[in-house]
Amino acid sequence: MLLTLSDIRAQFAPEAGLLRFQWAASADRRRFQRSMSSVAQLLEQGDISVVLLDMHGLPNLGLDEQLWLAANWLGRVSVRAIEQVALVIPPDTIYNQMVVESLIRAGRHFMRYEIQFFSNAAEALDWLVGEQNPAAQVALEQEWQPGPIAVPE
């Protein structure tokens, strides 16, 4: 099922234990904490074992966002149910990649899950779901695709 969590587009597939999310707003980061808190609330419920974080569209994270993530968010999302996290980092966002790597180093003591980096979401989804259930991967990829635009008559 597709969800909108403030400025985040998310895909929740309880049968696969998957939460996929991607920044869906413009470069306006005023709602960053609210958006990321919505993601944390889903993860805290304990029904999710695999996470795909696609960083396409995410503006460069400022110092305030980095500090908030390290101090408030990482601990909330490092729940025991999570086994794997796939990070999709576009090749043109070296700055955010360095931010993510520093956040991982800072929070490594309470992160109990495996983390892998990918350049595209299809490879990440294959690692998380496709190896065990290729049909589920195809269904998830189809659901994520934007639907047809309704044209008024």
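A crossing of two helices is called right-handed if the near helix is turned clockwise from the far one by less than a right angle. In the predicted model shown here, α4 passes α5 in a crossing of this right-handed kind. The close-up views below begin with that pair.

**View A. Packing of helix α4 (residues 121–130) against helix α5 (residues 134–144).** The axes of α4 and α5 lie 9 Å apart and form an angle of about 140 degrees. Since only angles over 145 degrees count as roughly antiparallel, α4 and α5 are therefore oblique to each other. On the α4 side, the contact is made by Ala 122, Leu 125, Asp 126, Val 129 and Gly 130. Helix α5 contributes Pro 134, Ala 136, Gln 137, Leu 140 and Glu 141. By class, the residues in the contact of α4 with α5 are 6 nonpolar, 2 polar and 2 charged.

**View B. Packing of helix α1 (residues 32–44) against helix α2 (residues 63–77).** An angle of about 15 degrees separates the two helices, whose axes are 9 Å apart. Angles under 35 degrees count as roughly parallel, and α1 and α2 are therefore roughly parallel to each other. Their crossing is right-handed. From α1, the contact draws on Phe 32, Gln 33, Met 36, Ser 37, Val 39, Ala 40, Gln 41, Leu 43 and Glu 44. The partners on α2 are Glu 65, Trp 68, Leu 69, Trp 73, Arg 76 and Val 77.

**View C. Packing of α2 against α3.** Here the helices meet at an angle of about 35 degrees, with 11 Å between their axes. The crossing of α2 and α3 is right-handed. Residues Gln 66, Leu 69, Ala 70 and Leu 74 of α2 make contact with the α3 side, which supplies Tyr 95, Val 99, Leu 103 and Gly 107. The contact of α2 with α3 comprises 6 nonpolar and 2 polar residues, and no charged residues.

**View D. The largest cavity and its lining.** The structure contains 1 cavity of 30 Å³ or more. The space in the largest cavity amounts to about 390 Å³. Its lining is formed by 26 residues, and those nearest its centre are Phe 21, Met 36, Leu 53, Trp 73 and Leu 87. Two or more lining residues come from each of the strands β3 (18–23), β4 (50–54) and β5 (84–88) and from each of the helices α1, α2 and α3 (94–107). Helix α2 provides the largest share of the lining, with 4 residues. By class, the lining divides into 24 nonpolar residues, 1 polar residue and 1 charged residue. Two of the residues nearest the centre of the cavity, Met 36 and Trp 73, also take part in the contact between α1 and α2.

Conventions. Residues are numbered from 1 along each chain as its sequence is written. This is a predicted model: local features need pLDDT of at least 70, side-chain atom pairs count only at pLDDT 80 or more; totals for chains, interfaces and linings use all residues. Side-chain values use heavy atoms; hydrogens and water are left out. Axes are lines fitted to C-alpha atoms, for helices over the stretch in contact, and angles run from 0 to 180 degrees between N-to-C directions. Angles under 35 degrees count as roughly parallel, over 145 as roughly antiparallel, 65 to 115 as roughly perpendicular and the rest as oblique. Contact means heavy atoms within 4.5 Å. On a 1 Å grid over the protein atoms alone, a cavity is a set of points where a 1.4 Å probe fits but cannot get out, and a pocket is an open set with protein on both sides within 12 Å along at least five of seven lines; lining residues have an atom within 4 Å of a point. Grid points are joined across faces, edges and corners, and a volume is the space filled by probe spheres set on the points. Ala, Val, Leu, Ile, Met, Phe, Trp, Tyr, Cys and Pro count as nonpolar, Asp, Glu, Lys and Arg as charged, and the others, Gly among them, as polar.
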